[in-house]
Amino acid sequence: VFTTLYPVKVAQNLYKTLTNIIMVKTHEDPRVKVTLGLMESNPKLKLPQAMRAAEFTIEESKDPTLQMRVRRRQKKELPTSVTVNTHSTASVSTLSTLTSTPLGKIKKVRHTSHAAQQKRQNKKINEGKRKEAFKMATTL
């Protein structure tokens with residue numbers, strides 16, 4: 001039906017154009033790499049701003065699906081290991097006195113009839129952790 005309405009060459013050209021558009025958007029779009037580089041160099045830059053700076057159109061930078069593609073790509077390209085250098089002036093003995101026993105693990109709550117009771121228990125655990133942390137932070 002499609003080829004009977006249009007000449008075959010027009011249909012083939014239309015198909016090639018559409019597949020090229022889809023391939024550029026879904027696969028290796030060079031603008032995505034530029035966007036990720038801009039966001040890495042300036043962490044305060046918001047994603048739509050970085051997309052516009054990487055020559056995405058305004059409509060494309062507002063498109064949530066394109067934004068999600070960039071975010072997924074950013075997640076994919078995150079480094080797997082991060083080296084953290086810390087220089088501590090506190091001695092080991094002071095650090096060991098600050099550690100305390102864990103108060104309890106918070107359970108994930110499903111929305112059932114039991115959820116209200118579990119939320120109360122989790123709230124109590126959190127309050128205990130907060131009090132303990134405040135006490136440790138304010139003791140000399």
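Select helix α8, residues 115-138, in this predicted model. The helix has 24 residues and reaches 34 Å from its first C-alpha to its last. That is close to the 34 Å expected at 1.5 Å a residue. Now show its buried residues: Ala115, Gln118 and Asn122.

Next, colour by pLDDT. The chain averages 76, and 64% of its residues reach 70 or more. Which elements mark the lowest and highest mean pLDDT? Helix α7 (residues 92-98) has the lowest, at 48, and helix α4 (residues 47-53) the highest, at 93. Select residues 90-97. Their pLDDT is below 50, and beyond near neighbours in sequence this stretch has one contact in the model. Where pLDDT is low, the predicted coordinates should not be read in detail.

Move to the largest nonpolar core. Select its 10 residues: Val32, Leu36, Met39, Leu47, Ala50, Met51, Ala54, Phe56, Leu66 and Val70. Helices α3 (30-41), α4 and α6 (64-76) each supply at least two residues of this core. In soluble globular proteins, nonpolar side chains tend to be buried together.

Centre on Met39. Leaving out residues up to four places away in sequence, Met39 touches Leu45, Leu47, Ala50 and Gln74.

Last stop: Ser61, in helix α5 (residues 58-62). Is Ser61 buried or exposed? Its relative accessible area is 0%, so Ser61 is buried. Show the backbone oxygen of Ile58: the side chain of Ser61 reaches this atom at 2.8 Å.

Terms used
Residues numbered from 1 in each chain as written. Predicted model: local features only at pLDDT ≥ 70, side-chain atom pairs only at ≥ 80, totals over all residues. Heavy atoms only, no water. pLDDT = per-residue confidence, 0-100. Helix = DSSP H or I, 4+ residues; strand = E, 2+ residues; numbered from the N terminus. Contact = heavy atoms within 4.5 Å. Expected span 1.5 Å × (residues − 1). Buried < 20%, exposed > 50% of the residue type's maximum accessible area, 1.4 Å probe, protein only. Polar contact = N/O pair within 3.5 Å; in protein donor to acceptor, adjacent residues only side chain to side chain. Core = buried A, V, L, I, M, F, W, Y, C linked by side-chain atoms within 4.5 Å.
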